[in-house]
Amino acid sequence: MTDPGVPSPLRLGETAANFTARTTRGVVSLADYRGRWLVFFSHPADFTPVCTSEFIAFARAAEQFEELGCALLGLSVDSLFSHLAWVRLIHDRFGVDIDFPIVEDPTLEIAKAYGMVAPDAVDASAVRATLFLDPEGVLRASTTYPAEVGRSIPEVLRTLQALQRVHGGKVLAPADWQPGANLLREPAGHAQDVLAGDGATDWFYTTIPDIRAR
Ligand code: BEZ
């Protein structure tokens, strides 16, 4: 049952509500990201092995996200000073700079609103949620991994590119789609269009080249 006092988490196709929070890069508002794609992701805790490996991997791919017009924004329940100490450790131990902001969310208020943690969670066990927000702030995809399994950053990049490619409609990205590969045509929704085909190809499954890739 839904608690009327707890906001229901953001769902696909919904516009993310704004928030303003302290981060490792100063105070940030979600509204600051309008006009750009955003990968907004949570992690269970600073100073933990899988999270550290993920942050190193995200930081190493930061230029690729930048080239795709996409910002990165991390979040966990840990305090700003924990985030800062962790960023320093990653710099010193691994020679990697975390240049994107990490939000502190000590009350889990943001994590709960964005479905990064169970609405009734009482501890800091935010899952590895990854939210893909389009330039209008609409949630286009989300994934959830458990604390024990790290995300694949190439898959985050691939999902982002697929979302960008289908944004605006008319084409679909098939299973295992990679940038530049064939797409699928959005099937006709009217019998007249379906019957107009030559019958040689399945009306609902038409592969088309990605003309933007040329
Ligand atoms: C990790 O990132 O390694 C981790 C975080 C929380 C629980 C278990 C593992």
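In this predicted model, a network of salt bridges links Glu54, Arg128 and Arg151. Within it, the side chains of Glu54 and Arg151 meet at 2.7 Å, N to O. Glu54 sits in helix H1 and Arg151 in the loop between strand S7 (139–145) and helix H5 (153–166), so this pair ties together parts that are 97 residues apart in sequence. Both Glu54 and Arg151 are buried.

Arg128 also turns up at the ligand, where an N or O atom of its side chain is 3.0 Å from a ligand oxygen. Thr48 brings a polar side-chain atom to 2.9 Å from an oxygen atom of the ligand, while a polar backbone atom of Pro49 is 3.3 Å from a ligand oxygen. On its own the ligand has 270 Å² of accessible area, and the protein covers 71% of that. The surrounding residues are Pro44, Thr48, Pro49, Val50, Cys51, Arg128 and Ala147, a shell of 5 nonpolar, 1 polar and 1 charged.

Helix H1 (residues 49–60) gives the most to this shell, with 3 residues. Its end C-alpha atoms are 17 Å apart, which agrees with the 16 Å that 12 residues should span at 1.5 Å each. Among the buried residues of H1 are Cys51, Phe55 and Ile56.

In H3 (residues 80–94), Asp92 and Arg88 lie 4 residues apart, about one turn, and they pair at 3.0 Å. Asp92 is partly exposed at 47% relative accessible area; Arg88, at 52%, counts as exposed. In H5, Glu155 and Arg158 are 3 residues apart and bridge at 2.8 Å. Here Glu155 is partly exposed at 30%, whereas Arg158 is buried at 18%.

Terms used: Residues are numbered from 1 along each chain as its sequence is written. This is a predicted model: local features need pLDDT of at least 70, side-chain atom pairs count only at pLDDT 80 or more; totals for chains, interfaces and linings use all residues. Side-chain values use heavy atoms; hydrogens and water are left out. A residue is near a molecule or strand if one of its heavy atoms lies within 4 Å of it. A polar contact is a pair of N or O atoms within 3.5 Å; within protein, one must be able to donate a hydrogen and the other to accept it, and residues adjacent in sequence count only if both atoms are side-chain atoms. Accessible areas come from the Shrake-Rupley method with a 1.4 Å probe; for residues, only the protein chains shown count as cover. Helices (H or I, at least four residues) and strands (E, at least two) are DSSP runs, numbered from the N terminus. Ala, Val, Leu, Ile, Met, Phe, Trp, Tyr, Cys and Pro count as nonpolar, Asp, Glu, Lys and Arg as charged, and the others, Gly among them, as polar. The expected span of a helix is 1.5 Å times one less than its number of residues. Buried means under 20% relative accessible area, exposed over 50%, partly exposed in between (1.4 Å probe, protein chains only). A salt bridge is a side-chain nitrogen of Lys or Arg within 4 Å of a carboxyl oxygen of Asp or Glu.
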